Amino acid sequence: MSSLQLLITAGLLLALVLGGSNAQLSATFYASTCANVSSVVRGVLEQAQSSDVRIGAKLIRLHFHDCFVNVIFSLSLTTASVGCDGSILLDNANGIESEKDAVPNASADGFDVVDDIKTALENVCPDIVSCADILAIAAQVSVSLAGGPSWDVLMGRRDGKTANRAGANNLPSPFDALEINLKKFTDLGLDSTDLVALSGAHTFGRARCITFSQRLYNFSGTGNPDPTLDTTYLETLRQTCPEGGNANTITDLDPSTPDGFDNNYFTNLQNNRGLLQSDQHLFSTSGADTVAIVNRFGDSQSAFFDSFGPSMINMGNISPLTGNNGEIRSDCKKVN
């Protein structure tokens, strides 16, 4: 491929990331074709929640990890998967290296419930609702069921036909400094408010010891714990995650209300009780504009809720496939 062709391909990919398709997503996209889509999703999730209290956090994480796969410049547009296209749901297949095998997705879960939702929707609206939209709707329903805000989910995404494991390996990380994760957000058209608001989804769910144990014993090679970590909380976490212990042991992201969606995540940060380094640094990074946003959300749950929905919409608008692009998968695990 010539240098000119590479430049044209890169330009087309960049336009896809920044602008998506010309077609617009809409809250009423399925009004005439599958009007009860949200109630079907809710019904499946209510049943799933009865046996897995963590399912809501798992599903919103899948939506986040689906949307945040950034562009990897390649020799063909057909080999690039970007944005909210359901690519995280694809299994390994001929020509597809599953994003499920990317390091950040090692503990990703909830795929079986996505399959259950797809089956339920196919029974009432066959070949209509995309897997990418299922993730967006499931995220909103999950937050609502946990006591959080509601918002009008924009729909009309279509499903990608490939995956992007390399892109999935470059998701925002719990180990990265604030400026690194913020750049990953701004590269996709999001801002500091989106970063703080979306991080607030860590108000429910769990995390493995491997994602935060570096803060407990030898932070950044100092031989000491992370100085931004409350000492009482530190001792509690050391009991859960002893040095040399099981890296896959889980603990609550929000120890105060672990299964409820509220603003306690932010009050935890204000008290130096954020579990992940990337969370605490939203508040403890001197001079960062995120500090004031954390304070605003910590002081007012309504301020957090008012921002969370729009930030979820912003994230859900990252490079969707619409119109005639992509497809509507009949099975979320594989292309048609």
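Visitor: Which residues have the most contacts inside the largest nonpolar core?
Guide: A nonpolar core is a set of buried Ala, Val, Leu, Ile, Met, Phe, Trp, Tyr and Cys residues joined through side-chain atoms within 4.5 Å. Buried means under 20% relative accessible area, exposed means over 50%, and partly exposed lies in between (1.4 Å probe, protein chains only). The largest core counts 73 residues, and those with the most contacts inside it are F68, I117, L121 and F308.

Visitor: Which element gives the most to this core?
Guide: Helices (H or I, at least four residues) and strands (E, at least two) are DSSP runs, numbered from the N terminus. With 9 residues, the element that gives the most to this core is α5.

Visitor: What kind of model is this?
Guide: Residues are numbered from 1 along each chain as its sequence is written, and side-chain values use heavy atoms, leaving out hydrogens and water. Local features need pLDDT of at least 70, side-chain atom pairs count only at pLDDT 80 or more, and totals for chains, interfaces and linings use all residues, for the model is predicted.

Visitor: What share of the chain counts as buried?
Guide: The chain has 13 helices and 2 strands. Among contacts between residues at least 6 apart in sequence, 75% join residues at least 24 apart. Of the 336 residues, the share that counts as buried is 51%.

Visitor: Which helices do the buried residues of α4 pack against?
Guide: The expected span of a helix is 1.5 Å times one less than its number of residues. The 14 residues of α4 should therefore span 20 Å, in agreement with end C-alpha atoms 20 Å apart. Its buried residues are F111, V113, V114, I117, K118, L121 and E122. They pack against α2 (37-49), α3 and α5.

Visitor: What lies over the face of F111, and how far from the ring centre?
Guide: A charge sits over a ring if NZ of Lys or CZ of Arg is within 6 Å of the ring centre and within 35 degrees of the ring normal. Over F111 lies K100, and its distance from the ring centre is 4.4 Å.

Visitor: How many residues apart in sequence are the parts that the F64 and F185 pair ties together?
Guide: Rings of Phe, Tyr and Trp (its six-membered ring) pair if their centres lie within 6.5 Å; planes under 30 degrees apart count as stacked, over 60 as edge-to-face and the rest as tilted. The structure holds 15 aromatic pairs, and F64 with F185 is a tilted one, at 6.3 Å centre to centre and 50° between the planes. F64 lies in helix α3 (residues 55-67) and F185 in helix α7 (residues 178-186), so the separation in sequence of the parts they tie together is 121 residues.

Visitor: Which residue caps the N-terminal end of α8?
Guide: Helix α8 (residues 192-199) is mostly covered, as 7 of its 8 residues are buried. They pack against α7, α10 (264-270), α11 (277-284), α12 (290-299) and α13 (301-316). A side-chain oxygen lies 3.1 Å from the backbone nitrogen of T193, and the capping residue that carries this oxygen is D191.

Visitor: Which residue's backbone oxygen does the side chain of N263 reach?
Guide: N263 sits in the loop between β2 (250-252) and α10, and it counts as buried at 10% relative accessibility. Leaving aside neighbours within four places in sequence, N263 is in contact with F297, G298, S300, Q301 and F304. At 3.0 Å, its side chain reaches the backbone oxygen of F297.

Terms used. Contact means heavy atoms within 4.5 Å. A polar contact is a pair of N or O atoms within 3.5 Å; within protein, one must be able to donate a hydrogen and the other to accept it, and residues adjacent in sequence count only if both atoms are side-chain atoms.
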